[in-house]
Structure formats: C-alpha cells, structure tokens
Amino acid sequence: MRLQVSDAELAHQAAAGDRAAFGALIHRHYDLIFRVAFRFSGHRQDAEDLTQEICIGLARKIAQWHGQAQLKTWLYRVIVNACHDKRRRDATQAKAALGWGERELALRQAASEEAAAQDWLWSAMGGLSPVLRDTAALTVGEDLTHAQAGEILGVSEGTISWRMSEVKKHLRDLAQKETADG
C-alpha cells in the first residue's frame, strides 16, 4: 500500500512522526543513497557507513523538506552534503594525524639533540678539576643556588661564583676549539 503513496506524502507523514512512512521512504531510496555515497567515496565500507549516517540523519532532516523541490532532488543534496562533510572530516583527521606525526618527530629530534648536548657536557665536565666538577654538579645539575652549593661544599658563595665562572670559561673555550677544528 505504501508503494502507491508519493514520496511527498511519505515525507510529510514521516516529518509528522509516522515511523512506517519513514521506513517506507528509506526502503524506497536506500539504493540511491548507497549508490551516490559509493560514487563519492569510492569505497564500499565508506559508502555503507555514509549510507547509515545519512539514513539516521534523515529522521531529523525530513522535517526540513518543504516541498519546493522534488524529494529526490532534496535527497541528492543531503547525500552530497554528507559526502562532502565526510571528506572534510577525513582531511582534518589526516592533517591532525600528520601534525601529531610531525610533532612526534620534532620531539624525538629535540630529545636526540638534548641527549647529544648532555653527552657533550658530561664529556667536557670530565676535563674539569674535581673541585669545579663538584661545583657545577650542584649548581647546574641540582639547580642549587650559589649560597646553597657553598654551604654544602664548605666555601663562600663568592667562591662558588668564581668556580662557575671558571667552568663557563672552560666550556666556552672547549666549544670554540671544537668549532675551529670541526
């Protein structure tokens, strides 16, 4: 019986909450929805997912059809919009995934550079006298103030400051030498 009812009548009944009319409308146009979704996506699984999304969304959207255009024309527009939305979502997700990949590569690069700098620093620290190495270990490595390091080492804050000046001078000279040799 529903097959003899026009699309327009089914759409009006569905918009008024008639589930049977909505089911008949979906049954009538399901192949069209899938076919267009498949043509736009090119993949069966994507077309099936899109078709399900569109059918679910039609339950809300059917009330927006006011009969200015044929239902089939309006339905094409709904399908095309859904396909475009999916394409945009996929592009956004791909871009986000690429961004995360680039971020991960940048983090790895930064960690590698940090490790290389730490290796260089520890190697350079090996060339310091034990007194300067201990001072640097407390002030730089443990992030203690000069006063705190002085208290621990039993020397004045001024002595710690002088020692750190010597550490910096040694590291600067070593870096310049490596750059000149390099």
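In this report, Lys and Arg count as positive and Asp and Glu as negative, whereas His and the chain ends are not counted. On that basis, the protein carries 23 positive and 24 negative side chains. The centres of these two sets lie 13 Å apart. The model is a predicted one.

**Fold and dimensions**

The secondary structure consists of seven helices and zero strands, and the order along the sequence is α-α-α-α-α-α-α. The radius of gyration of the protein is 36 Å, whereas a compact globule of 182 residues would have a value near 16 Å. The C-alpha trace spans about 100 × 40 × 25 Å along its principal axes.

**Surface and contacts**

Of the 182 residues in the protein, 26% are buried. The accessible surface amounts to about 12300 Å², and carbon and sulfur atoms contribute 55% of this area. Among contacts with a separation of 6 or more, 49% are between residues 24 or more positions apart.

**Cysteines**

A disulfide is a covalent bond between the sulfur atoms of two cysteines. A search of the whole structure finds zero disulfides. For C55, the nearest cysteine sulfur is that of C83, 12 Å away.

| Residue | Relative accessible area | State |
|---|---|---|
| C55 | 10% | buried |
| C83 | 4% | buried |

C83 is likewise in no disulfide, and the cysteine sulfur nearest to that of C83 belongs to C55.

Conventions: Residues numbered from 1 in each chain as written. Predicted model: local features only at pLDDT ≥ 70, side-chain atom pairs only at ≥ 80, totals over all residues. Heavy atoms only, no water. Helix = DSSP H or I, 4+ residues; strand = E, 2+ residues; numbered from the N terminus. Rg over C-alpha atoms; globule rule 2.2 N^0.38 Å. Buried < 20%, exposed > 50% of the residue type's maximum accessible area, 1.4 Å probe, protein only. Contact = heavy atoms within 4.5 Å. Areas by Shrake-Rupley, 256 points an atom, 1.4 Å probe, with all protein chains shown as cover. Charge placed at Lys NZ, Arg CZ, Asp CG, Glu CD. Disulfide = S-S within 2.5 Å.
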